[in-house]
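The sequence and structure are shown first.

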Amino acid sequence: MVNQTGDTLQNCTLELATIGDLKLVEKPSSFVLSPHDYITIKASVKVASTENGIIFGNIVYDVGGSQSDRNVIIINDIHVDIMDYIVPAACNLEDFRQMWADFEWENKVTVNTTLTDLHNYLEHLLRSTNMKCLTPAKTLEGDCNMLAANLYAKSIFGEDALANVSIEKPLGENNGSVVGHIRIRAKTQGMALSLGDKVNAIQRVMPKPTGV
């Protein structure tokens, strides 16, 4: 924090709050900031599970010698992205099926893309979600109007994320966009919803051509 004024800022306080499964561990202490001086403020936030979150807040201070009310500066929100905590992982088909049956939270996302190739859409999805395709590559080979695949990832907290992709090309439309849906399952609601939000977001972004 930099004081760019000629006033002494007293009782300066960084006030933070969170949305999602985030917890402010240590509240920063109040401080005094001399004219044109600066200070580095640190705050610890604990991330308890894999879901999107937001850290927001403001800086409150008094101006030395002033009789006015306290001044408030609203700071920009900090968005915590679920992708920071998810990594591709592998599991066998039996474990996948068992988890699919056990996990109660499901988020069904409708495919909405301008991509016209099934394999390009699947590759874009894998790159953007940090998930691994469990379906053997040989099964996905060939020129077909339909594609189905199982995806899997694990968070750094040990949480599992499963997805089933079912996509197709509309009959009679060689240049038609890919359609279908993606079913996401997880043990927690936050994981299922956050991963679904990520899928919806990446569908609005065209992937860069390979090699660019």
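Strand S5 (residues 53-63) and S6 pair in the antiparallel sense over eight bridges; strands are DSSP runs of E with at least two residues, numbered from the N terminus, and two strands pair if DSSP finds at least two bridges between them. Within this pairing, Ile59 has Ile73 of S6 as its bridge partner.

The model is predicted, so to speak of local features requires pLDDT of at least 70, side-chain atom pairs count only at pLDDT 80 or more, and totals for chains, interfaces and linings use all residues. Residues are numbered from 1 along each chain as its sequence is written, and side-chain values use heavy atoms, with hydrogens and water left out.

S5 and S6 belong to an open sheet of four strands in the order S3-S1-S5-S6, with antiparallel pairing. Its edge strands, S3 (31-33) and S6 (71-80), each pair on one side only. From one strand to the next, the twist averages 30 degrees, with axes fitted as lines to C-alpha atoms and angles running from 0 to 180 degrees between N-to-C directions.

Strand S10 (residues 146-155) is mostly covered, with seven of its 10 residues buried (under 20% relative accessible area, 1.4 Å probe, protein chains only).

| Partner of S10 | Bridges | Bridge pair |
|---|---|---|
| S11 (residues 160-168) | nine bridges | Met146 and Glu168 |

The hairpin of S10 and S11 has four residues between the strands, and Gly158 there takes a positive phi near 85 degrees.

Notes. Buried < 20%, exposed > 50% of the residue type's maximum accessible area, 1.4 Å probe, protein only.
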